[in-house]
Amino acid sequence: MFSMTDAMNAIQASILIVFKKFWLIFALILVAVIMAMLGIIAVCIGILFTLPIIYTTQYAIYRNVIGVEEHDELDEIGIYKEY
């Protein structure tokens with residue numbers, strides 16, 4: 001199924017990706033942690049409001065480091081593709 005070398009290659013690739021934009025990732029995680037702490041301090045009710053910020057931060061990290069293919073469905077309206 002999966003071998004140890006596959007796991008090691010994945011870990012090495014992850015480390016290389018993180019070090020490619022380390023300061024951006026660090027800054028975004030720091031902002032997310034500060035917002036989460038503010039939510040916890042606000043009688044734990046605020047965590048419900050900071051949870052979307054944490055998820056948005058994770059998406060921003062992924063989009064800036066890995067990249068996301070831009071795809072606009074509106075541009076495909078009226079275009080017939082045979083499947």
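These are my notebook entries on a predicted model.

**Ground rules.** I number residues from 1 along each chain as its sequence is written. Because the model is predicted, local features need pLDDT of at least 70, side-chain atom pairs count only at pLDDT 80 or more, and totals for chains, interfaces and linings use all residues, while side-chain values use heavy atoms, with hydrogens and water left out.

**Overall fold.** I looked up the secondary structure. The protein has three helices and zero strands. From the N terminus on, the order is α-α-α. Helices (H or I, at least four residues) and strands (E, at least two) are DSSP runs, numbered from the N terminus.

I then looked up burial. Of the 83 residues in the protein, 11% are buried. Buried is under 20% relative accessible area, exposed is over 50%, and partly exposed lies in between (1.4 Å probe, protein chains only). The areas come from the Shrake-Rupley method; for residues, only the protein chains shown count as cover.

**Aromatic rings.** How many aromatic pairs are there? I count four aromatic pairs. Rings of Phe, Tyr and Trp (its six-membered ring) pair if their centres lie within 6.5 Å; planes under 30 degrees apart are stacked, over 60 edge-to-face, the rest tilted.

Phe22 and Trp23 make an edge-to-face pair, with 5.1 Å centre to centre and 75 degrees between the planes. Phe22 and Phe26 are a stacked pair because their planes lie at 20 degrees, with centres 6.1 Å apart. Both Phe22 and Phe26 sit in helix H2 (residues 22–41), four residues apart, about one turn of the helix. Phe19, Phe22, Trp23 and Phe26 form one aromatic cluster.

I checked accessibility within the cluster. Phe22 is partly exposed at 33%. Phe26 is partly exposed at 42%. Trp23 is exposed, at 65% relative accessibility.

Leu28 is in helix H2. Its relative accessible area is 22%, so I log Leu28 as partly exposed. Leu28 and Gln58 are 30 residues apart in sequence, yet 8.3 Å apart in space, C-alpha to C-alpha.

Met37 also has its place in helix H2. Met37 is partly exposed, at 46% relative accessibility. Between Met37 and Thr50, 13 residues apart along the chain, the C-alpha separation is 8.9 Å.

Leu48 lies in helix H3. Is Leu48 buried or exposed? Leu48 is exposed, at 62% relative accessibility. From Leu48 to Ala36 I note twelve residues in sequence and 9.4 Å in space, C-alpha to C-alpha.

**Charge patch.** Which residues gather in a patch of negative charge on the surface? They are Asp72, Glu73, Asp75 and Glu76. Patch residues have over 30% relative accessible area and no salt bridge, and like charges are joined within 9 Å. A salt bridge is a side-chain nitrogen of Lys or Arg within 4 Å of a carboxyl oxygen of Asp or Glu. Asp and Glu count as negative. Their charges are placed at CG of Asp or CD of Glu.

I located Asp72 in the segment after helix H3 (47–65). Asp72 is partly exposed, at 38% relative accessibility.

Conventions:
Patch = residues over 30% accessible without salt bridge, like charges linked within 9 Å, V, L, I, M, F, W, Y side chains within 5 Å. Areas by Shrake-Rupley, 256 points an atom, 1.4 Å probe, with all protein chains shown as cover.
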